[in-house]
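Hi everyone, thanks for making time. Let me put the structure up on the screen, and then I'll walk you through what I'd like us to look at together.

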Amino acid sequence: MAAMVLTIGTTNGRFASVGTPQKESIGCFVRYSPAVERYCLDYRCPATGPGVPQRAEASPITISVIKVVAKPFVVAHDERRCFRISKPVNFAMNRSPAFGLLLLIGICGIASAAERPNVLVAISDDQSYPHASAYGFEAINTPAFDRVAKAGLLFRNAFTPAPGCSPMRAAFLTGRNIWQLEHAGTHASSFATKYEVYQDRLEANGYFVGYTGKGWGPGNWKISGRTRNPAGNDFSAKKMESPEGISNNDYAANFVEFLQQRPKGQPFSFWYGATEPHRTFKKGIGREHGLDPAQVKVPDFLPDTPEIRDDILDYCFEIQWFDQHLGRMLDALEAAGELENTLVIVTSDNGMAFPRAKANCYEYGIHMPLAVAWPAVASGGRTVDDLVNLIDLTATIYDAASVDPPAETPIAGRSIRNILTSKKEGFVDASRDAVYSGRERHSSSRFNSLGYPQRCLRTPQYLYIHNFRPERWPAGAPQTLNNGKSADTAADLGPMHGGYHDIDACPSLSFLVDRSDDAMLGKFLHWAVDLRPADELFDIRKDPSCLNNLASIPAHAAVKAQLHERLFSYLKQTDDARLTAVDGGDIWETYPRYSSLRWFPTPDWAKEHPDRVPKQPWLESKRPK
Ligand SMILES: [Ca+2]
C-alpha cells in the first residue's frame, strides 16, 4: 500500500497546501467543498508525485486512513479525489505548515471495512408522528426509539414520500419521489430493476446486506426480473411465540443471525421491517398489557370515545412490540462494539391505519416519527425541526457509506449529513423549509380500481394538498358490487358504507360507520370519506388535524397561490406525469395491481364523460363476465 504523509497548513481556513513532511511540497491543494462536505484534492495536484498514481484524475484514489497528528480519524473513501474527515478540522488554527496537521493518507484499492459505517434501518408499518414516548405521547413507552433519539437526533418534522406501504418503500429504497418510479410509485404493483435500490448498490460496494420482516411490499418484484426482495437477502427463519395479530418473526434474533453470518470485517446494511403496527390488532391487547386509555390523546379528526381510545391503545401496544425488538438489536450492536459506527435510522413508512390518516396526505398520513443516531459522527441529544423527507435519509445512507447513488436514475433526496454534524438544535439548515409527498392508487377501492391522485407540499406552517381527480372518492366508493359482480345494477350493490376500502377495516371505522347519521358523531365519518375539493390548505400550527380547509378563504389566497406555484414547479422539475403528460397522467392507471380486486358501480362522472375514463388493458382480462 502506497502512502503519503501530508502536511496541511492554511491561512484562510478553506485552502490547505499539501506536501510531504518536512521536505518537498508536491505543490497541490486540498480544497474544502461545503457543497459535498468533503476535502478534495485540487485540480492543481500533479498527475504524478510521491504516492500519487499516474494520471490521478483517471485513476481512482481511495483514501482509507487519515491521521491528524497521532490520532487516527476514520474517513470515507471516494473515487473522485475527495475524502472526508469524520471530525471537522479547523485549518485556520494551523497557521504554519511546521505546526500543521500531519495527515497520513494511504492509497489503496478499496477502503477497509472498519472505516465505513454500518447501516440499520428500523421501519415500522403504519405509525404516525408523534406516537413515541420521546415526543411526549404518554400512552406509549418506546425506550429503544428514545435511546436512539438520545444518542442521536430526534426529528420533529420528518415526512414520508408517500402515505402507503409499497410506494413509500420504493421511494425510500431508491431515494426518488413516487412520481419518478412508474409502477413502483403505486401500491401493490411491480418494481422495475432500472430503479436501483441502495441495498444493491451498497452490496456491490462491499457491504453485507439483509432484511427481516417486511421489505418492499406488497407487490410483485419477481415479475420485474428481480431475484430477491429489494430490501436485500431475507433473514426471517427465526420464529417466536407472539400475541394474536402480531408477527411470529423473531426480528431481533434474525438480526443477530445476520450479524453472525456477516464475513469478518465487512460493513453491513440491515433493514428491519416490522409488520407492526399494521392492522389487524387483537382487540383489547393494549389494556391487557397495562396500557392506560386515560393517557391517550385522540386527534381531533376522531371522536374521543372509549372505543376509539381502546383502538389507539391496541395500536400503541403494537408499536411497543416493534420497539422491543429494536432494543434487542441495539443491545446486540453494543455487545459487538458496533454501535458507535452504525448509522441507525428509526421511522415508519406511513401514518396510522385509522380513518383520515393512512393513505391520506393529511398530517397523520405523512408526518412520521424519526430518530437518527451515528455516534461516531453526530453529537447526540438534539431535537431538530428542519423539514426532512425520508428520501433524504436514502441520500444520507449513500453519503455515509461513500457509495455513489445511481447515475441513470438519480436520487431526489438530499443528505442530512450537515444536520448530523452540526451542533445546533431547532432549525439547523434554513434551506430545508419544504417537503413533498403524494399518492396514487392505494387499494382496489373505486370504479375500475382507479387511484386517488394527490400531491402535497408541507412547509413549517402550512400543508397544501392538490387533488387531481376530485370527482373520485378519496377513501374509496361507499358501496361495492356484491360477489365480485360487475353487472352494475342496483340489485348487485353491497350495503351503504360497506366500501371505503382505502381505510383498513378496523373498529374505529366500524364505529364511525355505525354512527354515520348521529347528530354529534356523524361528521367524523364524513370528514374521512366525503368528496374533497381540488385544493386543500391547512395551517398546521393551529390545525394539525387538518379539519379547517383555508383554500377558498380570500384572506389565504396569496399563501395558497404561492404554495400551489411552488408545488407545481417542483412537480414539473421532477417530471411528474400528473403535470407533464397531455392526458393528465392516466398512465398511472395502466400499472397493474397484483393484489386482489374489487368491483364498483360506474360513477356519474364516468357515465357523463366516458372519454375521461382511463384505458386500462391490464384490468379488462380480470373483469368478471
Ligand atoms: Ca404501511
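So, confidence. This is a predicted model, and the mean pLDDT of the protein chain is 86, with 81% of its residues at 70 or more. Then there are stretches to treat with care. Over residues 42–81 the pLDDT is below 50, yet this stretch has 94 contacts in the model beyond near neighbours in sequence. Residues 85–114 also have a pLDDT below 50, and there the model shows 84 contacts beyond near neighbours in sequence.

Now the overall picture. How many helices and strands does the protein chain have? There are 15 helices and 22 strands. The chain has 625 residues, and 51% of them count as buried. If you take contacts between residues at least 6 apart in sequence, 67% of those join residues at least 24 apart.

Next, some backbone details in the loops. Most residues other than glycine have a negative phi, and most peptide bonds are trans. With that in mind, here are some places to look.

Let's begin with the prolines. G217 and P218 are joined by a cis peptide bond, with omega at about 0°. If you want to find P218 on the screen, go to the loop that runs between strand 12 (208–213) and strand 13 (233–234). There is also a cis peptide bond between E276 and P277, where omega is about -5°. For P277, look in the loop between strand 14 (268–273) and helix 5 (285–288).

On to phi. A188 is not a glycine, but its phi is positive, near 60°. You'll find A188 in the loop between helix 2 (165–174) and helix 3 (198–204). Is A188 buried or exposed? It counts as buried, because 23 other C-beta atoms lie within 10 Å, and the cut-off for buried is 20 or more.

R356 is another one to show you. This arginine has a positive phi of about 65°, and it sits in the loop between strand 15 (342–348) and helix 7 (363–366). How many C-beta neighbours does R356 have inside 10 Å? The number is 27, so R356 counts as buried too.

How values were computed
Residues are numbered from 1 along each chain as its sequence is written. This is a predicted model: local features need pLDDT of at least 70, side-chain atom pairs count only at pLDDT 80 or more; totals for chains, interfaces and linings use all residues. Helices (H or I, at least four residues) and strands (E, at least two) are DSSP runs, numbered from the N terminus. A residue is buried if 20 or more other C-beta atoms lie within 10 Å of its own, exposed if 12 or fewer, and partly exposed in between; C-beta atoms are placed from the backbone. Two residues are in contact if their C-beta atoms, placed from the backbone, lie within 7 Å. pLDDT is the predictor's confidence in each residue, from 0 to 100.
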